[in-house]
Amino acid sequence: LLLCVCASFLITCLHVYGSDELTVYIVHVKGSEDVTFSAAEQWSDWYCSLLNKDAANVADLRIVYSYRNVITGFCARLRQREVEAMSKLDWFLHAYPSPVYRPLTTHTPEFLGLSQPSHSVWNATNMGEGIIIGILDTGITPGHPSFDDDGMPPPPAKWNGRCDLNASACNNKLIGARSFVNYATPVDDEGHGTHTASTAAGAFVTNASAYGNARAITASGMAPRAHIAVYKVCNEDTCHGYDILAAMDAAVDDGVDVISLSLGGPSADFHSNPVAQGGFKAINKGVFVSCSAGNTGPNRGTVTNDAPWLLTVGASTTDRSFLSTVKLGDGQELDGESLSQPRDFESKMLPLVYPGHATGNENSSFCLSGSLDGVDVHGKIVVCDDGGNGKAEKDDVVKSAGGSGMIIVNSPDFAYSTLVEPHLLRTSNVPYADGLKIKAYINTTSAPTATIIFKGTVMHTPHSPAMASFSSRGPSQITPGILKPDITGPGVNILAAWTSAFEVFSGTSMSCPHLSGVAALIKKAHPDWSPAAIKSAIMTTAYATDNSRGPILDETPPGRLVRGRSWSRGPAEGHGPRTRLRPHAPRLHSLPLRPLRQQPCPSYSWRTSELLLREEHQRSRAELSFHIGQAAGDPFDAGQLHADSDQRQGAKVDVPGDG
C-alpha cells in the first residue's frame, strides 16, 4: 500500500515518458495486515510516508483520491508505461483507466400499494424513519419542499457525514451534501439528482404537478421519513468512475444504509469496474446498493451495472397516462400521450400532412431544421417521425413553418413506449403501430384530416405495468449465466422534484430510486438483515401479472426478445385481487411470445418503487399479504433464502393493493 513507492517511481519516469498522455487510473494495492487507521487523513499520510519532498510534490499533482472503505488503493493521473512498470512492484494488484458514467434519464407509491391508510408497508415501517439513503448523482436542490424536515427526527447517532451547503440548507431530512466534482458545490444544476432523491425519500408535498398534469393530493418518495445524504459525482452528463468510487467510499464511512446509483457506464469486467468493486465492499459492510440497468434497450446484452451482488433495476410503466387522442377523418381514434394538455384547443378537423411522404425527403419525415421549407404545413397537423432531433426542436420547426399541431410517431424500436414532454404546439406522441395507421390513412385519402383530443391525466391504464422498450436487456455480457436485470420498477413518465417545482421524466434512473426506497423500508422492518437478504426478499416476493391479471407485457416489437424470466413486482406492490406473495421461491416462468402489447417480458422482474402521489380519486383496494423471513441460523448471503418455510422466521405484513 506504499503510495510513496508509486510517487518515487513517477519521478524516475518523468523524463523518459514525459510525452505520454496522462490518464486517471484506479489502482488496487495489497492491504497491510499490520497497519489500521481510523481516519482518511491517516491513510493518505501513510500512502505518502516514504516520499521525499520532491516526490510529495509529484503526488500532490498526480494523486486524485485515496480510498479505504470500498477498495484498498488510490486513483492518480498516470502514463500507461508508468502503470506497466508499476505492475512489477510487490504491492501492486491491478490498475485500469477510470471509466465515464452518465445519468440514465408521482403516483407510484399508491400504485405499488405502499400508501394505503391501513395495513400498509408504510405503517409497518414508519415510512423508513431512521434509515439513511445515499444518493450518488448530480447533486440536490436545497430548499425544495420535497426536502422539508417537518416532523422529521434527527439522524441516527451513527451518522458521520457532513453538509457542504449553507448552514440552513441541510436539516433533518437532507442530512448530508458533498461534491466530488472539481470546483463544484453539491447544488444540482441539472435536476437529475433532485428527481432521484425525491423519488427515493422525498417528503410529502401537497398539490404537486407538472404543467398542470398528474396533480395529486400529496406527493412523496418511497420512504418519506428516511434521511437523505447526497454525493455529487456528475458534472452535466459526465460522471467519472474515480469520483463515484470516492463517493461510495465516503458514503460507507458516513454511515448510510442504502446507496442509490442512477448512473450507467460501459460494460466491463468486474475487476475493472468501479461500481462493481465499490458495491461489493459496500455490501460486505452492510450497505445495500441499487443501480440502474441502463436505457439502451431493446437490444439484447445492453444491461449495465450487472454485477451479481448489485440490485439492477429495469424500467416499466405505471397505470397513469397523459392521454392525447388522435382522431382521424375516417373516424379512427388512436391514443397517444402529451404532457401539454391545452384546454382551449378546438377539436375541429384540420388538414393532416406527412412531410416525409409529400417530399420523399428523409429529413422532412423527422421534421429537421429547414426540412419543411417549401412544404405547405400552414394551419395543418404535421406528422413527424421520432428521432433525428429532439422533440423540442420538432416543436420549433413545425411552429415556425406555420403548423397548428403535431403528431410524433415512435420509432420501431420504441414501439409502444410513449415518453411525455411539454410542447409548444398541440401534440400527441403515438406508438409506432398507430403511426403506421395514420400514414396509411394519409396515403389513401385525397384530403386527410385529423384533430387531437386532450383527455388529461387518466388512471387505471390496463396492462400496467408494461416493460419499457428503452430499458436495457440481458443477458449480462460479463456473466451471461446470471439473469439481469434483477427486477423492474416504475420508470416511465415519473413525476418528482426538479430544480424548479416538479418535472416528469423517464428512464431506469427513475426506476432505481424506487427500489432504493423500498430497500430502506425493508431495512427499517428488519435492521439485522444483510443486503443479500433484502435483495432476495424483493426478488422472491414478486408478481408475474399486471393489473389486467395477465402476464406483464413488453412494449418492444415482436421478434426482438427471447424467452426468460417473467416480469414481477416486489414485495410492496399489491396489484390485483387478494393475492399472497410467495417469498420462498422466485416465480420464474418460460412464457411463449405473444403479439405486441400481449408479449410477456423476458429476463426481468417488476420492482417496487416510484414517486408517491396519491391521486384525487378513490382507488379500489385489495389486501395483499407477504412474508419476508430470514432463515434461522447462519447469516444471510446471496441465494440463502430457503424454500423450506419450516426453516424460516418471518414477520407478516399486510399490504393493501390497488386493483
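Which residue forms a salt bridge with Arg 473? Have a look through the close-ups below, and keep in mind that this is a predicted model.

**Close-up A. Arg 473 and its partner, Asp 554.**
Here's the reply to the opening question: Arg 473 forms a salt bridge with Asp 554, and their closest N and O atoms are 3.0 Å apart. Arg 473 sits in the loop between strand 24 (466-467) and strand 25 (487-490), while Asp 554 belongs to strand 28 (residues 553-554), so this pair ties together parts that are 81 residues apart in sequence. Arg 473 has a relative accessible area of 1%, so with the cut-off for buried at under 20%, Arg 473 counts as buried. Asp 554 is buried too, at 0%.

**Close-up B. Other salt bridges.**
The structure holds 14 salt bridges. Side chains of opposite charge can pair when their charged atoms come close. In one of the 14, the side chains of Glu 129 and Arg 225 meet at 2.7 Å, N to O. This pair links distant parts of the chain, 96 residues apart: Glu 129 is in the loop between helix 6 (121-125) and strand 6, and Arg 225 is in the loop between strand 9 (216-220) and strand 10 (227-232). Arg 68 and Asp 253 also join up by their side chains, at 2.6 Å from N to O. Arg 68 is buried, with a relative accessible area of 14%, whereas Asp 253 is partly exposed at 31%. Lys 484, Asp 486 and Lys 535 are linked in a network of salt bridges.

UniProt, in an unreviewed entry, lists Asp 137, His 192 and Ser 509 under "active site". They are spread over 373 residues of sequence, yet they cluster in space, with a largest C-alpha distance of 9.8 Å. Asp 137 is found in strand 6 (residues 132-137), and His 192 in helix 7 (residues 192-201). A polar contact of 2.6 Å joins their side chains. Both are tucked away: Asp 137 is buried at 1% relative accessibility, and His 192 is buried at 5%. Beyond its sequence neighbours within four places, Asp 137 touches several residues, among them Gly 193, Tyr 231 and Ser 262.

Strand 5 (residues 100-103) pairs with strand 14 over two bridges; Arg 102 has Gly 264 in strand 14 as its bridge partner.

Technical notes: Residues numbered from 1 in each chain as written. Predicted model: local features only at pLDDT ≥ 70, side-chain atom pairs only at ≥ 80, totals over all residues. Heavy atoms only, no water. UniProt positions renumbered as here; feature names shortened; annotations may be inferred. Helix = DSSP H or I, 4+ residues; strand = E, 2+ residues; numbered from the N terminus. Buried < 20%, exposed > 50% of the residue type's maximum accessible area, 1.4 Å probe, protein only. Contact = heavy atoms within 4.5 Å. Polar contact = N/O pair within 3.5 Å; in protein donor to acceptor, adjacent residues only side chain to side chain. Pairing = 2+ DSSP bridges. Salt bridge = Lys/Arg side-chain N within 4 Å of Asp/Glu carboxyl O.
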